[in-house]
Every structure is written in C-alpha cells, then in structure tokens.
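Here's a walk through one protein model, taken a piece at a time. Have a look at the fold first, then read on.

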Amino acid sequence: MEQALYHPQHGYYSSSIGKKIGRDGDFFTSVSVGDTFGVLLCHAIEQKWQNLCPENDLPLVIVEQGAHDAQLARDILEGFRSRNSPLYEKIEYRIIEPRETIRREITEIADCTGYSPKLYPVQSMADARAEAGIFLCNELLDAFPVRRFVHEKGRWLEQWVAFEDKFIFTNEEIPSDDEDFQRFLNLLGETTEFEDGYETEFCPNVKNWITDCSQLFEKAGSWLIIDYGFEAEDYFAKSRKTGTLQCYHQHRTHDDPLFRPGECDITAHVNFTDLTREAERAGLEAVTLTDQSKFLIEAGRDWLLSFEGQAPGPAEAAKLRQFQTLTHPSMMGRSFRVAEFRKG
Ligand SMILES: C[S@@+](CC[C@H](N)C(=O)[O-])C[C@H]1O[C@@H](n2cnc3c(N)ncnc32)[C@H](O)[C@@H]1O
C-alpha cells in the first residue's frame, strides 16, 4: 500500500498534485464539496484560539498536514478575511508537506492566490513547531498505509503481496515479537472469536505520527483530526468480515488493491480507539470524539443564525446545500468523525 500510494516515481500521491480530488478526480472530500467546510472550521478555530490564547498575544499558528492543493487552507483564510476578523493578521498557516515538488506547487498556489507569505509549506513536523497553535487534518490518516491481518484456524496471519506472473496475495505467519501486532491484539480486547477468512486492517504509523504531532505546540494547542472511521468495538465487529480497505478510481469504488497500482487511491478507516490511546500516551488530553455533523453544527451556530429571517439568495442557497452535504447523516455527517485533543 505504501508503494502504491507513495513510491517516489509511481505512487498515486507522489507526483504532482494533479486532479485526484473533486468532480474531475477519483473521489470527493469535505473540502471539495465547497468552501463551507473551511468557513465552518474557521469559526471553530476562532473559538478554540480564544480558549488557548485569551490574551491574544501570540501569532495564531495553524498547521495542516495532508493539505493536497491547500484548498482548505485558502477557504479557512478567506473565512477569516471576509469577516474582517482581527485574527487574520495574526495567522501563520503552515502546511506540512514532505515532497519537494508538491511544496513547490503549494508555494506557487499561495503566491498566485495572494496568501503568501501567510500560507507556506514546511517539510516536516519539526519545521512547523510553535509555542501555541491549532493542528488540523482532513482525510490524512485514512491515506496512511495499513497492515492487513487475516484470521484463519484460530490464529492471525498477515496478508503480503507476492509476484507470480502477476501480483497475488499470500498469507504469512506473524513473528511473536512483532510490536505492531501486539498493539493490534490489545485493541481487540475481549473480542477473540473471529470466523475463518475474517480480514481487518491495522495502521502502524498512527503511533509515531501522533507522538510527533503532539510535540508541535510547546505550551498550548488544539488538534482536530477529521476522518472516517470507527472505535475499536465497531472496527472489529464480527459483521465487518472484509475489513475497511477501499480503492477509488474515477469515482468508482472497488476492493482490489492490486488493480492498477499507482492509479487508484487506497484507503482504510481510522481506528479512533488506537488514535486516542496513542494521543493520550503522548501527553495529549482527549476532548471529544464526535460526528462531523455535531461538530460543524456547533462550530457554525453564528453562521447558521446569520441566515435567519431572510430568504436565501442563490449564493446562500448553494452554501446551505453544501452544509447539508457535510452534515446530513446519510451523506458526510455521520461517517466522518472529529477527534479533538488538547494541551495547555
Ligand atoms: C485523501 S487526501 C485528502 C486531501 C485533503 N485533505 C482533502 O480533504 O481534500 C490525503 C492527502 O494526504 C497526503 N499525505 C499522506 N501522507 C502524508 C504525509 N505523511 N505528510 C503530508 N501529507 C500526506 C496525500 O498526499 C494526500 O494529499
């Protein structure tokens, strides 16, 4: 999965930003629905910053990772600017982007859209550090490579990819001292009985990632991690026999990760129990794990009230339609979750 997504030459995400997301791409995200997601996050950030920095005597550092073409960054910044928020002047928006070509593209986008020098890419977490700030990511963790475990005859095997004239899957024994596997077993808890052929995923990178990420803000910070996923009990439900791995190509979903490697997005749902445990282990306080619907409605209270008592014109109606897509339980409202962590 790591090679298919991030191989420097052939990986799905490795070359240029390209047209992967939105109508002309392979899949939609809350960001590609329209600018309402960013506007509502701008309200949430404002509220959180008031709590984190009541004296308002520090720059408001917003750090985003997995920002693709920086569209969310631009929507958030525009949200502050269009409301003449005094915080706008204080914002430094840093995008963590390890790939040099994509950093160059983001710099160009920031220049062309007039957000330089406020909006800029940095190479690593360490380069994004600040005294206080807000971290956010949307659909980053579902793009992290996962390991796939298969239950057979009372034990777990790991699914690997082999080559025999073509790519095939092969199930192998897991060494008993494999630390990731022990973490996976801990997440299963009391659930030990799975039928033969039951498949599931585990994302080893979450631990190191959140440990690194927890060190972004030295004194005070808020971390907003938005993605689709489940808590462990639901993740390992007996009925979820084929796991959560999914592939996307030109708005079609399929479940064969070996089909056109490097041309399809491959994702797996986030295990929020694992994320929360590792975040707490890294010293962060878990504040909420809620539906995107509840989170955005709470964040957008004032925004929603601003529509009251007037018939919406075409622009307002379009924004309300976006809001509905983002929050309706049968659309993005329930499947997407928001995990919030805090420090200071
Ligand atoms: C599913 S896309 C989501 C893009 C965007 N956040 C949105 O919601 O439209 C996942 C993004 O995460 C990026 N990504 C994956 N691993 C990353 C990492 N370690 N550092 C920075 N970006 C990463 C990918 O390149 C891709 O742009």
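Two strands count as paired if DSSP finds at least two bridges between them. Helices (H or I, at least four residues) and strands (E, at least two) are DSSP runs, numbered from the N terminus. This is a predicted model, where local features need pLDDT of at least 70 and side-chain atom pairs count only at pLDDT 80 or more, while totals for chains, interfaces and linings use all residues. Residues are numbered from 1 along each chain as its sequence is written.

Let's start with an open sheet of 3 strands, ordered 11-10-12, with antiparallel pairing. Strand 11 (252-254) and strand 12 (265-267) sit at its edges, each pairing on one side only. Neighbouring strands here are turned by 25° against each other on average, ignoring direction; axes are lines fitted to C-alpha atoms, and angles run from 0 to 180 degrees between N-to-C directions. Strand 10 (residues 246-249) pairs with strand 11 in the antiparallel sense, and Cys-247 has His-254 of strand 11 as its bridge partner.

Then there's an open sheet of 4 strands, again antiparallel, in the order 7-6-5-8. Its edge strands are strand 7 (166-172) and strand 8 (198-202), each of which pairs on one side only. From one strand to the next, the twist averages 35°. Strand 6 (residues 155-164) runs antiparallel to strand 7, and Ala-162 finds its bridge partner in Ile-168 of strand 7.

| Strand pair | Sense | Bridges |
|---|---|---|
| Strand 10 and strand 11 | antiparallel | 3 bridges |
| Strand 6 and strand 7 | antiparallel | 7 bridges |

Most residues other than glycine have a negative phi, and most peptide bonds are trans. Lys-153 counts as exposed because it has 6 C-beta neighbours inside 10 Å. The cut-offs go like this: with C-beta atoms placed from the backbone, a residue is buried if 20 or more other C-beta atoms lie within 10 Å of its own, exposed if 12 or fewer, and partly exposed in between.

Arg-260 also has a positive phi, about 45°, although it is not a glycine. Arg-260 belongs to the loop between strand 11 and strand 12, and with 13 C-beta neighbours inside 10 Å it counts as partly exposed.

There's a cis peptide bond too, running from Ser-116 to Pro-117 with omega near 0°. Pro-117 is in the loop between helix 5 (100-112) and strand 3 (119-122).

**The whole chain**

Zooming out, the protein has 13 helices and 15 strands. Its radius of gyration (taken over C-alpha atoms) is 21 Å, close to the 20 Å from the globule rule for 344 residues, so the protein is as compact as a globular protein of that length. That rule is 2.2 Å times the number of residues to the power 0.38. Along the principal axes, the C-alpha trace spans about 60 × 40 × 40 Å. Buried residues account for 37% of the 344 residues.
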